[in-house]
Amino acid sequence: EEERKLRIERGLETEEDQAEEDEDKKEEEDDWEPFIPSEPSRILQGFYAKEENKFWLSMGDFDAGYLYECEFLDEEEKTKVPEEQLYEPTRAIPIHDSHDLTINSVTFSGNGQYMILGLEDGSIRIQPLLSEDVGLMGPYWSLPVHDNNYGNITHLATSYDNKHLFTVGGDGNFFSFQFMDQ
């Protein structure tokens, strides 16, 4: 704003130019509409949250790279929510630096301190949780394991004693890792 005033004072710009520019910006803002794909995204993984009546979803396609928190509402709670928001997620948490890759598989360490993600590019990602809330994640560690073109991770599991992590990929490989769950 101050920069514009200086340009007007110096004769580099007129007030009419400024008004036209403001009008163009306003038109652009008025014309914006969210993109909603014609085909809904696939739901790939679902798991219960620690909080009662809540769960998380991982989705593919347009909605990839996020975890979506959803909630089961009873009839009384449904009347308090606007109808257009009734079947919408309550939160969308971006998975940082995921480049909107599909999260094919999700599991947790035995002590619940780590969320382990199996991604579309064949990598595993170990995401420390800062609390029981999946939405509060700390720095992560990632390892490319399966083929990055054909090895999307289809399943993750930890051993009964939580000392091993197993991955299965679309490339036909099965890997086992020693997991130090502290």
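**The open sheet**

Four strands form an open sheet in the order E1-E2-E3-E4, with antiparallel pairing. Strands (E, at least two residues) and helices (H or I, at least four residues) are DSSP runs, numbered from the N terminus, and two strands pair if DSSP finds at least two bridges between them. The edges are held by strand E1 (43-48) and strand E4 (91-94); each has a single partner strand, so one side of each lacks a neighbour in the sheet. From one strand to the next, the twist averages 25°, where axes are lines fitted to C-alpha atoms and angles run from 0 to 180 degrees between N-to-C directions.

This is a predicted model, in which local features need pLDDT of at least 70 and side-chain atom pairs count only at pLDDT 80 or more, while totals for chains, interfaces and linings use all residues. Residues are numbered from 1 along each chain as its sequence is written, and side-chain values use heavy atoms, with hydrogens and water left out.

Strands of a sheet pair through backbone hydrogen bonds, either parallel or antiparallel. E1 pairs with strand E2 (residues 54-59) in the antiparallel sense over five bridges. Gln45 has Ser58 in E2 as its bridge partner.

As for the context, the chain contains three helices and 11 strands, and its elements run α-α-β-β-β-α-β-β-β-β-β-β-β-β from the N terminus on. Of its 182 residues, 33% are buried, that is, under 20% relative accessible area with a 1.4 Å probe, protein chains only.

Notes: Buried < 20%, exposed > 50% of the residue type's maximum accessible area, 1.4 Å probe, protein only.
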